[in-house]
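Please work through the exercises below with the sequence and the model side by side, and try each task before reading its solution.

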Amino acid sequence: MARIINTRSPFYVKISVASMESAELKIYIYEGTIATSPNANNLKYTLSKASLGTDNYVVFEVSELVRDYLDSKYDGEYDSYSVWVMMDINVFNLAGDTVFNWTSTPSNLQNSVQATGTATGTATNKLIDNSASFTSTVSVGDIVVETQSEQFANVTAIDSDTQLTLDDNLIQDGGGYAIYRKTYYSLLATEGYGYFEEGINPDFDEGLMMSEGTIYRINDRSVNIPVSAETTNSVSFLLNGETVYSTTVGYDNPSAPTTSEVIQYIASDGFSGADSYRERVLEAGGVFEENSLLDAFEDEIDLGEIDEVYVNYTNATETKTKILKVKTFDCSKYEPIRVTFVNKYGALQDLYFTRRSNESINVKTEDYKASVMDFANFSYDTSSHQMRTLNLVGNESITLNTDYIDESCNEHIKQLMLSEQIWMTRLTDEEKVVPLKLKSNSLQLKKRVSDKLIQYTMEFDVAADKINNIR
């Protein structure tokens with residue numbers, strides 16, 4: 001499984017070799033299909049660092065660099081925003097010679113051991129081991145390391161099961177050796193983050209790309225569940241214990257996954273881009289006939305009701321199922337508003353605000369005093385503005401209120417507060433996506449034992465000026 005780089009938290013790469021003086025880290029960043037070896041066109045950074053004093057290691061922090069190539073967006077469509085990251089490491093000794101590195105952190109960057117042993121003979125540019133099975137374990141291009149000196153040579157030919165030809169006269173009779181195959185791994189980077197208590201380089205392998213708890217939906221609306229295509233097996237939507245809709249999850253080609261399918265959004269109706277029954281009919285290629293009877297039917301019947309979501313996944317050690325409880329908000333006289341944000345896993349997640357919303361506009365301006373005097377006629381126009389406005393800009397704000405929600409939603413509210421990318425969608429016939437910036441700087445998280453009913457009020461600024469000033 002690809003290791004996750006949560007780019008809003010530090011990601012450290014530690015390189016440790018006994019004889020090292022410095023290390024060089026090349027970072028390749030790319031989108032599309034996963035690669036098996038570096039492509040020079042994807043090389044974005046080359047970092048060098050010398051070890052300090054008697055330290056035999058260096059540490060690089062790479063997440064800030066990688067994040068420059070990530071830009072999560074939402075325009076009404078739920079898309080996967082991630083990049084592959086490949087790292088190539090070179091280690092140098094005091095003389096400036098390259099020392100092959102086979103111990104590094106994280107373990108994904110380590111090279112696979114093909115064979116180990118002790119030489120039983122000596123010949124120029126040869127490795128001889130009468131107990132070896134080189135033809136079945138070693139390939140041309142593998143790297144032979146002399147275990148005492150940590151010097152290395154490349155395999156240029158496989159002479160027999162017990163003899164290799166090298167490009168250097170490295171291994172003598174009685175010398176220990178290890179043979180490595182330099183394998184490149186692509187790590188997966190998202191705009192996620194870890195909490196302090198989760199420790200260094202927090203990883204993710206649990207399928208569901210949102211925190212557990214109760215989620216909410218609007219009558220006749222679907223829900224979108226973000227999952228990892230790499231670890232998730234299936235997603236099922238249930239009502240009263242009966243499966244309403246179920247689908248398998250995975251890459252189209254498991255041997256060549258792409259960044260566009262890493263994060264998948266599974267909708268309870270099978271159409272991640274549609275929300276209402278009307279939209280689902282149209283997306284499926286049907287014709288929706290406008291009439292009062294059908295409108296009355298839509299108002300009376302909740303098409304797509306569910307109360308549970310089962311996410312089945314397999315990580316490196318086990319197969320498990322995560323369960324989300326789903327509740328449907330009752331009809332309200334207020335216009336429901338869906339807020340979509342990038343959560344701590346780097347995935348898009350929805351929250352609904354179904355109570356009263358208040359909108360306001362704030363104006364900023366610069367003023368100057370103009371001369372209105374007409375000296376030619378020795379008069380001035382009393383209808384002219386002497387105090388004039390310059391660079392007037394307006395910004396809208398909106399205050400949103402949730403309905404009464406379950407205490408388990410506190411984690412979702414917390415992640416909304418910590419999100420840097422937020423959008424609002426008014427659930428009307430014309431669903432327009434509006435970018436938001438959180439205005440509330442603090443929020444008291446409520447508990448049922450002390451607050452009884454849990455409901456939140458949050459303030460946002462529209463993240464764009466009201467007057468079009470894009471130049």
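Predicted model: local features only at pLDDT ≥ 70, side-chain atom pairs only at ≥ 80, totals over all residues.

**Exercise 1.** Determine whether S228 counts as buried or exposed, and find what surrounds S228.

*Solution.* Begin by locating S228, which lies in strand β17, a run covering residues 224–228. Next, take its relative accessibility, which is 9%; since buried means under 20% relative accessible area, S228 counts as buried. Then turn to its surroundings: leaving aside residues up to four places away in sequence, S228 touches F204, G207, M209, V249 and V262. Finally, look at the side chains of S228 and T231, which are joined by a polar contact of 3.4 Å.

**Exercise 2.** Work out why helix α5 is described as largely enclosed by the rest of the structure.

*Solution.* First count the buried residues of α5 (residues 410–417): seven of the eight are buried, and therefore the helix is largely enclosed by the rest of the structure. The buried ones are N410, E411, H412, I413, Q415, L416 and M417.

**Exercise 3.** Describe the second largest pocket by its volume and its lining.

*Solution.* Start with the volume of this pocket, which is about 350 Å³. Of the 17 residues that line the pocket, those closest to its centre are E396, K432, V434, V462 and K466. The elements giving two or more residues to this lining are β28 (387–401), β29 (422–426) and β30 (433–438).

Notes:
Residues numbered from 1 in each chain as written. Heavy atoms only, no water. 1 Å grid on protein atoms, 1.4 Å probe; cavity = no way out; pocket = protein on both sides within 12 Å on 5 of 7 lines; lining within 4 Å. Points joined across faces, edges and corners; volume = space filled by probe spheres on them. Helix = DSSP H or I, 4+ residues; strand = E, 2+ residues; numbered from the N terminus. Nonpolar A, V, L, I, M, F, W, Y, C, P; charged D, E, K, R; others polar. Buried < 20%, exposed > 50% of the residue type's maximum accessible area, 1.4 Å probe, protein only. Polar contact = N/O pair within 3.5 Å; in protein donor to acceptor, adjacent residues only side chain to side chain. Contact = heavy atoms within 4.5 Å.
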